[in-house]
Amino acid sequence: MAGRADKTGNRGRAGVTLPPEVDLSRPSIARVYDFILGGKEHFEIDRRATDAIFAAVPQIGSLARDNRNLLRRATRYLVRDAGLRQIIDLGSGLPTLGNVHEIAHEVDRDVRVVYVDNDPVVLAHGRALLSQENTTTMIMADIREPDSVFDNPAVKEFIDFDEPFAVIAASILHHLTDAEVLPAAAAIRNRLTVGSYLVTTNFLDDDEDRAKDLEKAFLDGGLGTGRFRTWEELRRLFDGLEMLEPGLVYGNDWHPDELTPADSPVHTLFSAGMARKVS
Ligand SMILES: C[S@@+](CC[C@H](N)C(=O)[O-])C[C@H]1O[C@@H](n2cnc3c(N)ncnc32)[C@H](O)[C@@H]1O
C-alpha cells in the first residue's frame, strides 16, 4: 500500500507495504521515537502521544539524538575495539540515519547483524531496507520472551552461538515493566557465550524532577511505557558480567568522541553501559 492513505489519513513511505496487523488505534514506541528523531514514519496517534513528553522536556529530541550517537560509538567499539563479528540488536527501531549494520560495515563488511523488534511497521521497513543485504537480517520477536529471539531459526542461521557476539539493547529495556525487565535481562545474559558483550542504554532517574516528569509523560501520556530507573536498578541489568570502562555512566560520558555533544541539555537523563561475559 505504498503511498496509500491509511485509516487516519496518513501515508506510509513510498515502496513499503504496511502489514494489516499494524494497529493505528494506539501509538507505537517505534513510531513515536521516529517522530521525536525527526523521521517520517509516524501517524497522528503517535504525534499526539508526544505532546506530554515535549511538554515535560522540550529538548527530548536531544535525548533521542544523543542515544543514536551513543549507539554509533558503541557499535564501532564492539567491532573495531572488541573485534566482534556478530551483533544482535534488540528493539532496533525504524531504520534511520546510522543503522547498526551500516556502522559495523564501515569497519568490516562481513559483520553479521540481526535486528529484532516486535513492531510490524519496523519489520516492514527493515525488510525493505535489507532486501539486498546478505550479512544482515531482521526478525519480529518480543524480548520479553528471549527464547523466541535466540531460538529463532533465522537468528541461528546468522549468529554462531559458539563464538562471542554482542547484544545491543538500546533504549528498549525502559519500555519493559519492573516485573519484566530483570527476568528478560537475566535470560539474555544466560544466552551469552563467554567473551560476548551486552550494551544497553536506558532512561535514567538520577533523582531529578525532569526524570520524574518525563516518566509520567511517557506512562500517562498515551504511550504507556517508559520507566526512568535509578543507577542501582540499572546496574542489576549487568549482574554477573564484567563492566567495561568507564562503567555505567551518563550516556554522553561513555567513550565520547568529537561528535558527542559536550553540552547536551539532557545529559543526566540517560545512561549507558557495556559489559562482557567472562565465565
Ligand atoms: C526507542 S526505540 C529504540 C530504537 C533503537 N534501539 C535506538 O536506540 O535508537 C525502541 C524499540 O524497541 C521496540 N520494542 C519495544 N518493546 C519491545 C519488545 N518487548 N520486544 C521487541 N522490541 C520491542 C520498539 O518497537 C522500538 O522499535
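How far does a backbone N or O atom of G91 lie from a nitrogen atom of the ligand? In this predicted model, where local features need pLDDT of at least 70, side-chain atom pairs count only at pLDDT 80 or more, and totals for chains, interfaces and linings use all residues, the distance is 2.7 Å. Residues are numbered from 1 along each chain as its sequence is written, and side-chain values use heavy atoms, with hydrogens and water left out.

That pair is a polar contact, that is, a pair of N or O atoms within 3.5 Å. Elsewhere, a polar backbone atom of N118 is 3.3 Å from a nitrogen atom of the ligand, and one of G93 is 3.5 Å from a ligand oxygen atom. Taken alone the ligand exposes 600 Å², of which the protein buries 97%, with areas from the Shrake-Rupley method and a 1.4 Å probe.

Around the ligand stand 18 residues, the closest being Y33, N67, R68, G91 and D117, where a residue counts as near if one of its heavy atoms lies within 4 Å. The helix α1 (29-37) gives the most to this shell, with three residues.

The ligand sits in the largest pocket, meaning that more than half of its atoms lie within 2 Å of the pocket's grid points. This pocket has a volume of about 1000 Å³ and is lined by 46 residues, among them S28 and H175, which are listed with those nearest its centre. α1, α4 and β5 (197-203) each supply at least two residues of that lining.

Notes. A polar contact is a pair of N or O atoms within 3.5 Å; within protein, one must be able to donate a hydrogen and the other to accept it, and residues adjacent in sequence count only if both atoms are side-chain atoms. On a 1 Å grid over the protein atoms alone, a cavity is a set of points where a 1.4 Å probe fits but cannot get out, and a pocket is an open set with protein on both sides within 12 Å along at least five of seven lines; lining residues have an atom within 4 Å of a point. Helices (H or I, at least four residues) and strands (E, at least two) are DSSP runs, numbered from the N terminus. Grid points are joined across faces, edges and corners, and a volume is the space filled by probe spheres set on the points.
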